[in-house]
Amino acid sequence: MTTRNNREESVLEDKKNKLKSPPLYKVLLLNDDFTPMDFVVMVLQTFFFMNQEKAIQVMLKVHNEGTGICGVYPSDIAMTKVKQVNDYSRQNQHPLKCVMEKNT
């Protein structure tokens, strides 16, 4: 007589792990009365990789409405871009301010 090990077969459910996307943050430029428009365009092209046409559009939005969105990024990238822009502006003696806020 042969003995067979009776094993319970269990069916593993295919549970999809739902990974939550990291929160995103808008990087914004704030208008001031002293930073030249061409400097703002150059910042947008350099740090946000915008072409000249898009950079001019964002610069005009900042100028006319007080703020303009440069991009939307995860927290660490947004913080880095804010620091880079603010440091660069200070090095060039401009009061241009870059901030981030949670994207809703």
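Colleague: Which residues in H1 meet which residues in H3?

Modeller: Bear in mind that this is a predicted model. On the H1 side you have Phe39, Met42, Val43, Phe47 and Phe48. Across from them, H3 brings Lys81, Gln84, Val85, Tyr88 and Ser89. Sorted by type, the residues of this contact are 7 nonpolar, 2 polar and 1 charged.

Colleague: And at what angle do H1 and H3 pack?

Modeller: About 140 degrees, and the axes of H1 (residues 37-48) and H3 (residues 75-91) are 11 Å apart. H1 passes H3 in a right-handed crossing.

Colleague: You listed Ser89 there. Is Ser89 buried or exposed?

Modeller: Buried: Ser89 has a relative accessible area of 0%, and the cut-off for buried is under 20%, so it counts as buried.

Colleague: What is Ser89 in contact with, leaving aside its neighbours within four places in sequence?

Modeller: Ser89 is in contact with Phe39, His94 and Leu96. Phe39 is one of the H1 residues that meet H3.

Colleague: Switching to the core. How many residues does the largest nonpolar core have?

Modeller: The largest one has 22 residues. Val27, Leu29, Leu44, Phe48 and Val85 have the most contacts inside it.

Colleague: Which element gives the most to this core?

Modeller: H1, with 7 residues. The elements giving two or more residues are S1 (24-30), H1, H2 (52-65), S2 (67-74) and H3. As a general point, nonpolar side chains tend to be buried together in soluble globular proteins.

Colleague: What does Val27 touch, not counting residues up to four places away in sequence?

Modeller: Quite a list, including Phe48, Ile69, Tyr73, Ala78, Val82, Cys98 and Met100.

Colleague: Okay, now the sheet. In what order do the strands come?

Modeller: The order is S2-S1-S3, with 3 strands forming an open sheet and antiparallel pairing. S2 and S3 (97-102) are the edge strands, each pairing on one side only. From one strand to the next, the twist averages 30 degrees.

Colleague: Over how many bridges do S1 and S2 pair?

Modeller: 7 bridges, in the antiparallel sense. Leu29 stands opposite Gly68 in S2.

Colleague: Last one: which strands do H2 and H3 lie across?

Modeller: H2 lies across S1 and S2, and runs at about 125 degrees to S2. H3 lies across S1, S2 and S3, running at about 165 degrees to S3.

Technical notes:
Residues are numbered from 1 along each chain as its sequence is written. This is a predicted model: local features need pLDDT of at least 70, side-chain atom pairs count only at pLDDT 80 or more; totals for chains, interfaces and linings use all residues. Side-chain values use heavy atoms; hydrogens and water are left out. Axes are lines fitted to C-alpha atoms, for helices over the stretch in contact, and angles run from 0 to 180 degrees between N-to-C directions. Helices (H or I, at least four residues) and strands (E, at least two) are DSSP runs, numbered from the N terminus. A crossing is left-handed if the near helix is turned anticlockwise from the far one by less than a right angle, and right-handed if clockwise. Contact means heavy atoms within 4.5 Å. Ala, Val, Leu, Ile, Met, Phe, Trp, Tyr, Cys and Pro count as nonpolar, Asp, Glu, Lys and Arg as charged, and the others, Gly among them, as polar. A nonpolar core is a set of buried Ala, Val, Leu, Ile, Met, Phe, Trp, Tyr and Cys residues joined through side-chain atoms within 4.5 Å. Buried means under 20% relative accessible area, exposed over 50%, partly exposed in between (1.4 Å probe, protein chains only). Two strands pair if DSSP finds at least two bridges between them.
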